[in-house]
Amino acid sequence: MAQDSAGDDDYVDWNTDDDLEIDNFQSSPSPVHSRAETLVGVAVTTGSLSSPTTETTDLVQMGFSDEIFATLFDMGFPVEMIARAIKEAGPNAETSVIIDTISKYSSDCEAGSSKSKTIDHFLAMGFDEEKVTKAIHEHGEENMEQIANALLSCAETEKLAEVKEEDDIDWSDDEINYDDLLISDDEKDPNSSNENGNQIRSLVRMGFSEVEASLAVERCGGNVDIAELTDFLCAAQMAREFSEVHTDPEEQKPRHDVKKRRLESNRESRSSVDEEPVRLPNPMIGFGLPNEPGLITHRKLPELARGPPFFYYENVALAPKGVWETISRHLYEILPEFVDSKYFCAAARKRGYIHNLPIDNRFQIQPPPKYTVNEAFPLTKKWWPEWDKRTKLNCILTVTGSAQLTNRIRTALEPYIGEPEPPKHVQRYVIDQCRRWNLVWVGKNKAAPLEPDEMENLLGFPKNHTRGGGMSRTERYKSLGNSFQVDTVAYHLSVLKPIFPDGIKVLSLFTGIGGGEVALHRLQIRMKLVVSVEISKVNRNILKDFWEQTNQTGILIEYADVQDLTNDTIEKLMEKYGGFDLVIGGSPCNNLAGGNRVSRVGLGGDQSSLFFEYCRILEVVRARMRRS
């Protein structure tokens with residue numbers, strides 16, 4: 001998928017270690033010239049520290065030893081300083097004399113070293129050198145907190161100005177409340193609220209655009225905490241990160257005009273019907289949580305929604321206005337059940353589910369998942385700083401933070417080793433990046449992105465579910481970022497176990513890496529038949545491997561495209577196997593996610609319009625079963 005912006009290149013690690021090694025090899029200098037000759041050439045063409053280039057003497061003509069020059073360079077002295085010292089001490093001077101001369105230069109420069117360290121400190125955090133120098137001049141090099149606030153305010157102002165040029169929006173200038181960034185979800189008062197301007201400014205400082213921040217506040221409401229808003233934007237990101245640069249050729253096939261006609265019909269009907277908008281609940285717990293009070297165990301389904309087969313549809317909760325109204329209308333007027341998977345595991349995942357399943361007698365799969373990051377990854381507890389109050393991660397994305405980002409965090413923290421904690425401005429910077437990129441602590445001052453097997457853990461998949469079989473790390477991240485959260489889905493599907501004691505026949509649309517199938521397996525519901533439709537070949541291989549490795553005794557049939565599953569094909573499959581008990585799937589969210597600033601066009605998008613294929617196939621199955 002496309003990257004967030006050009007500026008995000010420092011953060012998104014597209015290359016493998018092998019790729020980087022090859023790049024470095026290709027860009028290395030030719031070994032034809034000796035290292036000493038190269039260094040001498042640099043010294044000859046480089047002016048001294050205090051004189052212009054034209055005053056530099058040709059060191060070769062002076063007759064000094066190029067080996068001495070190389071030795072001094074290996075000791076860590078700058079090229080310019082070595083050249084100046086050789087010029088002053090003479091070409092025949094002892095090496096120790098030249099070193100003493102260089103040391104004198106270093107002493108002369110010590111007066112300015114404090115400011116240089118301050119500049120280096122903020123450059124390592126990613127700030128612009130010119131702005132850092134200006135902030136130091138205005139506030140004094142000893143006032144690190146004031147310098148940091150000035151730089152953050154400058155970055156925010158630039159973002160606001162950029163958005164204002166595009167949208168001519170006048171936003172509040174209220175001061176940001178940084179406490180929001182440092183308090184965990186569990187510690188926040190659920191009844192507390194901040195002004196919209198504060199929330200928008202907070203998100204902008206975390207690196208999101210104001211358009212994105214405004215959308216998050218609009219969709220989630222003004223009474224949610226900053227972590228909820230951050231998760232909205234992070235969850236939305238995963239739909240676009242690979243769509244432009246890593247799209248499977250099969251996924252670019254033109255689709256039937258039936259979806260466009262269906263969408264046009266939908267728009268016409270919407271213009272003539274005054275419908276109540278679907279609102280996102282807070283907290284997002286659906287009909288209730290396992291082992292918690294307040295469970296809802298009964299609901300009245302519309303008459304059209306009743307009867308076989310059961311169906312289960314999933315997509316991102318934070319979609320554009322009108323999307324869930326349209327989805328609900330095409331799925332028999334059933335209202336969506338919105339659930340955030342942070343109540344089922346240690347990571348957030350806000351999703352909407354429309355289904356006609358019973359909602360009483362649900363149960364949780366065993367063993368139950370870990371609910372905090374430290375429980376899920378015990379080794380992180382040793383290194384987790386007290387000032388990082390996160391207990392859960394944001395939505396699992398399809399991309400991860402790069403080595404450059406984690407090095408910046410380490411560089412920002414290392415000057416404060418031995419102190420109780422780093423300054424507040426450093427804490428803010430580090431936590432902002434950790435929240436945005438789901439970083440965990442793996443060593444002293446070492447934050448790192450999640451590994452694919454750690455993502456599998458959080459999402460409820462078996463270890464190594466996506467590993468091997470020709471699947472690259474990039475493909476693993478993409479597939480996991482777009483998958484079901486198994487524990488959440490299994491809780492909903494658990495009601496099927498007593499209904500189908502002898503096994504179940506499943507039509508799985510947009511299967512991905514088999515989240516629905518893994519959920520049924522973990523519930524110990526035998527799958528007598530699975531007809532799977534998945535565009536990605538590597539994902540199809542993952543499901544096939546899972547099927548074999550778990551010794552499934554049923555039949556697995558795989559199709560590559562929903563358009564291959566024509567009405568006639570469905571009829572023949574049902575005639576051969578006797579129908580389906582469950583139709584499950586979640587169509588692509590590429591054009592629905594909030595982070596997609598390129599093609600967030602709702603259900604009219606090329607990918608997200610595949611929702612109407614789900615509807616078509618479901619209607620064919622239901623019609624056939626009514627006739628049976």
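I began with E303, which is exposed at 60% relative accessibility. The model is a predicted one, and I kept that in mind throughout. E303 forms a salt bridge with R306, with 3.1 Å between the closest N and O atoms. I checked R306 as well: its relative accessibility is 39%, so it counts as partly exposed, the class between 20% and 50%.

Next I looked up other salt bridges; the count comes to 13. R476 and E456 form one of them, the closest N and O atoms being 3.2 Å apart. This pair links distant parts of the chain, since R476 sits in helix α20 and E456 in helix α19, 20 residues apart. I noted that both R476 and E456 are buried.

In helix α26 I found R616 and E613, three residues apart, about one turn of the helix. Their salt bridge has its closest N and O atoms at 2.9 Å. R616 and E613 are both buried. I also noted a network of salt bridges that links E571, R624 and R627.

Then I turned to strand β2. Its residues E337 and V339 point one way, F338 and D340 point the other way, and all are buried. β2 pairs with strand β3 in the antiparallel sense over four bridges. For D340, the bridge partner in β3 is K350.

My last entry is on the surface, where D120, D128, E129 and E130 gather in a patch of negative charge. I placed D128 in the loop between α7 and α8. D128 is partly exposed, with a relative accessible area of 39%.

Terms used: Residues numbered from 1 in each chain as written. Predicted model: local features only at pLDDT ≥ 70, side-chain atom pairs only at ≥ 80, totals over all residues. Heavy atoms only, no water. Patch = residues over 30% accessible without salt bridge, like charges linked within 9 Å, V, L, I, M, F, W, Y side chains within 5 Å. Areas by Shrake-Rupley, 256 points an atom, 1.4 Å probe, with all protein chains shown as cover. Salt bridge = Lys/Arg side-chain N within 4 Å of Asp/Glu carboxyl O. Lys, Arg positive; Asp, Glu negative; His and termini not counted. Charge placed at Lys NZ, Arg CZ, Asp CG, Glu CD. Helix = DSSP H or I, 4+ residues; strand = E, 2+ residues; numbered from the N terminus. Buried < 20%, exposed > 50% of the residue type's maximum accessible area, 1.4 Å probe, protein only. Pairing = 2+ DSSP bridges.
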